[in-house]
Amino acid sequence: MEYRRLFADVRKRPGSYGLNGSFREVVAFINGCDAGNSWGLLVGFREWLALKADTEANLAWPFLILKIAKVAAAGSEVGLELSDSEEVKALEVLFEELDSFLTARNGSHGAAVVIAKYLEKRGR
């Protein structure tokens, strides 16, 4: 499956996928796609986002998206209490970073390259 195309369509038409278009539901959908790929679809995504956020990759990727979008996460429930403008910003950053990541890690060693860049930047 071409996930870049799928996620671009989800961005345009979330209702066609049974989603209300909220950050929280889109995160659940993307996690479902990752689960359906034996957790291999997003390998390296946390490291990718951590580089963008200039932080460690010790947070779940949705929290890193919110950090990059400069949206405060309310408690431990990602996207539970976002304002309309925060939802828009978080979704914009999510889809842009996800597309950039999937483009960058295309190929047989793509995830390894992303993770190696993260480790190099973090001095490991």
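Buried here means under 20% relative accessible area, with exposed over 50% and partly exposed in between, for a 1.4 Å probe and protein chains only. Helices are DSSP runs of H or I with at least four residues, numbered from the N terminus.

Colleagues, this is a predicted model, in which local features need pLDDT of at least 70 and side-chain atom pairs count only at pLDDT 80 or more, while totals for chains, interfaces and linings use all residues. Residues are numbered from 1 along each chain as its sequence is written, and side-chain values use heavy atoms, without hydrogens or water.

Let me begin with H3 itself. Helix H3 covers residues 45–53, and its buried residues are Phe45, Glu47, Trp48, Leu49, Ala50 and Ala53. Just after H3, aspartate 54 adopts a positive phi of about 55°.

Which residues does glutamate 97 contact, apart from its neighbours within four places in sequence? They are Phe45, Trp48, Leu49, Lys52 and Ile65, where contact means heavy atoms within 4.5 Å. Glutamate 97 belongs to helix H5, and it counts as buried because its relative accessible area is 12%.

I turn now to the nonpolar core. Such a core is a set of buried Ala, Val, Leu, Ile, Met, Phe, Trp, Tyr and Cys residues joined through side-chain atoms within 4.5 Å. The largest one has 34 residues, of which Phe7, Phe23, Phe45 and Trp61 touch the most other members. Two or more residues come from each of H1, H2 (23–35), H3, H4 and H5. H5 gives the largest share, 8 residues. As background, nonpolar side chains tend to be buried together in soluble globular proteins.

Next, helix H1. Aspartate 9 lies in this helix and is buried, because its relative accessibility is 18%. Its side chain makes a polar contact with the side chain of tyrosine 17 at 2.4 Å. A polar contact is a pair of N or O atoms within 3.5 Å; within protein, one must be able to donate a hydrogen and the other to accept it, and residues adjacent in sequence count only if both atoms are side-chain atoms. Leaving aside neighbours within four places in sequence, aspartate 9 is in contact with Pro14 and Tyr17.
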